[in-house]
Amino acid sequence: MEQAESHVFYPMGFNHSYSVLESGKGVCVYDSEGKRYLDGIGGTHVISIGHGVAEIGEAMAEQAKKLCFVHKAQFTTAVQERLAARIAAMAPAEMNRVAFATGGSTANEMACQLALYYHQERGKPSKTRIIGRWHSYHGRTMATLAVSGSMFVRRGLVHNFDFPHIQAPHCYQCPYKLTYPNCQLACAEDLAKTLEQENPDTIAAFIAEPIVGGAGSAIVPPPDYYQKIREICDFYDILFISEEIITGFGRTGKNFGIEHWNVTPDIITATKALSSGYAPIGAMIVHDRICKTFKDSSRPFIPISFTYAGHPISCAAALAVQDYIAEHNLIEQCAARGEYLKGKLKDLADRELLIGDVRGKGLLIGLEFVRDRTSREPFPFAKKLTKTIVKTALENGLIIRGRNGTGMGKDGDHILISPPFVITEEECDELVEILATTIAQVKKSLNLVCVES
Ligand SMILES: Cc1ncc(COP(=O)(O)O)c(C=O)c1O
């Protein structure tokens, strides 16, 4: 669609033209011209059960007919209560309270605010700052942008927040040029170092995606990374917020991504796979210890909420989606299908020098592109490699997303693949085939020469 015909203020700028999507079924979506796209990104890591599952719409309609909205200062709803209980049962032990949000940014904003209130309750009001990591994304409110570590989203907007950042646990492009385990987890030690430098009395929490999503394309930290992070957070009395906007509710093959490291955080935020995109909703899951602090206090209320948070129709959608996931064993399937797809992508990497790294867990898989597979040197940002791969894949009927900047600067190309959990092995094969064709076309059109020096 040409923008001259539109009244929508689009995020991609005024010169971008958009296809109009009309329908979706399973892992595919169809545009108004009838073109079929394989949704290799699950609508940006949102779609878990696939497009077009009629029973979710029916559950939402049922709720809308019964009760569409309540004011949460005075009322709760049966559907909100059922969903909160369901989420608490899925969460790590001792994480039993859920506050709903409208999406990822609001869930993270609520978690940051709760961390500040928590320390105020405990007589530590100077703990007001949150530490984030470079190569991360936490949302588009001012505070969540400020704690994000993606230079592309921060630039031009983050001015008045003083939130420190530590290095990402990115072994493939280690910021310290070290190798695990000889590195002795320098990236986790960076948290302790930063706390000392910044003064721990001013720090309320540390926030991290267990596996970095879009900003790093499935960066998986080394085995004992989160244990170390947990120890440091406890030592300096700061909360650990596990940011599971993408990794929550099954995408990595476990209920929550942090379970891969056997660590219990203080707060989990999660959204996308919760309702599989059928309705907007987010969740903040809170540890009993934090709840107890507020329960024992004289504070009359904890004012962190949004008008549409816990919307009954969104709760109905999320409950129906979680029922569907459980009935069809989709989290186990996601783990198995992820292994299959990663294996196929590794086979592709064996014959395609451009692919330096294939990583991730479950159906959250990242590919990093390099000029030299031995030195891991990327192509310069100016080559527009990621942009061209994403655009060419779309022309070829495959939706993927990519970002730049995996090393210390803007250079570095990576894409993230996160199809719905219901993808079949045949559809995984098709995805890899389209990607292989796309890479061959892009290498030719951009005149790329890759080496293994
Ligand atoms: C890891 C992560 N955190 C936070 C957000 C922000 O979520 P929302 O766009 O729902 O506000 C996103 C969105 O893509 C995300 O990927």
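**Cysteines and overview**

Cys233 is buried, with 0% relative accessible area (buried means under 20%, exposed over 50% and partly exposed in between, with a 1.4 Å probe and protein chains only). This is a predicted model, in which local features need pLDDT of at least 70, side-chain atom pairs count only at pLDDT 80 or more, and totals for chains, interfaces and linings use all residues. Residues are numbered from 1 along each chain as its sequence is written, and side-chain values use heavy atoms, with hydrogens and water left out.

- A search of the whole structure finds zero disulfides; a disulfide here is a pair of cysteine sulfur atoms within 2.5 Å.
- Cys233 is in no disulfide, and the nearest cysteine sulfur, that of Cys112, is 13 Å away.
- For Cys187, the closest cysteine sulfur belongs to Cys183, at 6.1 Å, which is too far for a bond.
- Cys187 counts as buried, at 10% relative accessibility.
- In general, a disulfide is a covalent bond between the sulfur atoms of two cysteines.

**Helix H7 against helix H8**

- The axes of H7 and helix H8 (residues 225-235) come within 8 Å and cross at roughly 15°.
- That makes H7 roughly parallel to H8.
- Angles under 35 degrees count as roughly parallel, over 145 as roughly antiparallel, 65 to 115 as roughly perpendicular and the rest as oblique.
- Axes are lines fitted to C-alpha atoms, for helices over the stretch in contact, and the angles between N-to-C directions run from 0 to 180 degrees.
- Helices (H or I, at least four residues) and strands (E, at least two) are DSSP runs, numbered from the N terminus.
- From H7, the contact takes in Cys187, Ala188, Glu189, Leu191, Ala192 and Leu195; contact means heavy atoms within 4.5 Å.
- From H8, the contact takes in Tyr225, Lys228, Ile229, Ile232 and Cys233.
- By class, the contact of H7 with H8 has nine nonpolar, no polar and two charged residues.
- Ala, Val, Leu, Ile, Met, Phe, Trp, Tyr, Cys and Pro count as nonpolar, Asp, Glu, Lys and Arg as charged, and the others, Gly among them, as polar.

**Helix H4 against helix H10**

- Helix H4 (residues 104-121) packs on helix H10 (residues 288-295) at about 55°, with axes 10 Å apart.
- That makes H4 oblique to H10.
- The crossing of H4 and H10 is left-handed.
- Leu114, Tyr117, Tyr118 and Glu121 of H4 meet Ile290, Thr293 and Phe294 of H10.
- This contact of H4 with H10 has five nonpolar, one polar and one charged residues.

**Helix H3 against helix H11**

- Helix H3 (residues 78-90) and helix H11 (residues 312-327) pack at about 40°, and their axes are 9 Å apart.
- That makes H3 oblique to H11.
- The crossing of H3 and H11 is left-handed.
- H3 contributes Val79, Gln80, Arg82, Leu83, Arg86 and Met90 to the contact.
- H11 contributes Pro312, Cys315, Ala316, Ala318, Leu319, Gln322, Asp323 and Ala326.
- The contact of H3 with H11 divides into nine nonpolar, two polar and three charged residues.

**Backbone features**

- Most residues other than glycine have a negative phi, and most peptide bonds are trans.
- Thr44, not a glycine, has a positive phi of about 60°.
- Thr44 lies in helix H1 (residues 42-45) and is partly exposed, at 24% relative accessible area.
- Asn199, also not a glycine, has a positive phi of about 85°.
- Asn199 lies in the loop between H7 and strand E7 (203-208) and is partly exposed, at 34%.
- Tyr180 and Pro181 are joined by a cis peptide bond, with omega about 5°.
- Pro181 lies in the loop between strand E6 (165-166) and helix H7 (186-198).

**Two buried helix residues**

- Ala186 is found in helix H7 and counts as buried, at 18% relative accessibility.
- Not counting residues up to four places away in sequence, Ala186 touches Tyr176 and Leu178.
- Ala186 and Gln120 are 66 residues apart in sequence and 31 Å apart in space, C-alpha to C-alpha.
- Thr386 sits in helix H13 (residues 385-395) and is buried, at 3% relative accessible area.
- Leaving aside neighbours within four places in sequence, Thr386 is in contact with Gly402, Arg403, Asn404, Asp413 and His414.

Terms used
A crossing is left-handed if the near helix is turned anticlockwise from the far one by less than a right angle, and right-handed if clockwise.
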